[in-house]
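These are my notebook entries on a structure that I had not examined before. I set down what I looked up, topic by topic.

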Amino acid sequence: MALREIIILPDKRLRQVCEPVKTVDDQVRALMDDMAETMYDAPGVGLAASQIAVMKRVAVVDASRDEDEGERVKNPIFFANPEITWVSDEMAEYEEGCLSIPEFYELVERPAGCRVSYLDYKGKNREIECEGLMATVIQHEIDHLNGVLFIDHISKLKRDMVVKKFSKAKKRESAA
Ligand code: NI
């Protein structure tokens, strides 16, 4: 397992649509392992492959909040080719953030529940029903695989402000 570098707004790769994986083989599992390590290190509750510049439809989510003696209990769920098959009419609002848009948080409204079909770590076809934080996080990660960021769900004014801020920071960094 290895830590991978998380790419940051306005990196154009965050806007690309990722390719499905053909099968979940050892190479995909190695990617999943690296993604989990990178997510826990960040720390975050979800990570899409495009955030480490791998343009494949792979994501990892751990929305559990369990702790054992102050240590986070790891319950990662790995998704290859995840697809939303149902969303609830009921909506829910969460304050979202993103490891590719550090230190920016904003309320986002999404369906409160959803069902997702995917291939698991062993390549087995599965479907899960999600609610609460898990539903929000998996929708956020599937958005990533389609080149969509959570800031696309907020007002244009706020989005333009945050994109400008990160673009300026990038310019300063490349000038230094
Ligand atoms: Ni994100």
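Entry 1, overall size. I began with the radius of gyration of this predicted model. A compact globule of 176 residues would have a value near 16 Å, and the protein has 16 Å, so the two agree. I then looked up the extent of the C-alpha trace, which spans about 45 × 40 × 40 Å along its principal axes.

I counted three helices and nine strands in the protein. Read from the N terminus, their order is α-β-β-β-β-β-β-β-β-β-α-α. I also looked up the contacts between residues at least 6 apart in sequence, and 64% of them join residues at least 24 apart.

The protein exposes about 10,000 Å², of which carbon and sulfur atoms supply 49%. For charge, I recorded 25 positive and 33 negative side chains, with the centres of the two sets 8 Å apart.

Which residues coordinate the nickel ion? I found C98 through SG, and H140 and H144 each through NE2, at 2.1 to 2.3 Å. The spacing of these donor residues in sequence is C-x41-H-x3-H. Both histidines, H140 and H144, belong to helix α2 (residues 132-145) and stand four residues apart, about one turn of the helix.

I turned to K156, which lies in helix α3 (residues 156-175). Its relative accessible area is 54%, above the 50% cut-off, and K156 is therefore exposed. From K156 to I84 I noted 72 residues in sequence and 26 Å in space, C-alpha to C-alpha.

Most peptide bonds are trans, and most residues other than glycine have a negative phi. I looked for departures from both patterns.

The bond joining L9 and P10 is cis, with omega about 5 degrees, and P10 sits in the segment before α1 (26-41). The bond from A42 to P43 is also cis, with omega near -10 degrees; P43 is in the loop between α1 and β1 (46-48).

A53, which is not a glycine, has a positive phi of about 65 degrees. A53 is in the loop between β1 and β2 (58-61) and, at 28% relative accessibility, counts as partly exposed. E103 has a positive phi too, near 60 degrees. I placed E103 in strand β7 (residues 101-111), where E103 is exposed with a relative accessible area of 69%.

Methods. Residues are numbered from 1 along each chain as its sequence is written. This is a predicted model: local features need pLDDT of at least 70, side-chain atom pairs count only at pLDDT 80 or more; totals for chains, interfaces and linings use all residues. Side-chain values use heavy atoms; hydrogens and water are left out. Helices (H or I, at least four residues) and strands (E, at least two) are DSSP runs, numbered from the N terminus. The radius of gyration is taken over C-alpha atoms; the globule rule is 2.2 Å times the number of residues to the power 0.38. Contact means heavy atoms within 4.5 Å. Accessible areas come from the Shrake-Rupley method with a 1.4 Å probe; for residues, only the protein chains shown count as cover. Lys and Arg count as positive and Asp and Glu as negative; His and the chain ends are not counted. The place of a charge is taken as NZ of Lys, CZ of Arg, CG of Asp or CD of Glu. Donors are N, O and S atoms within 2.8 Å of the metal (3.2 Å for Na, K and Ca); water is not among the atoms, so sites may look incomplete. Buried means under 20% relative accessible area, exposed over 50%, partly exposed in between (1.4 Å probe, protein chains only).
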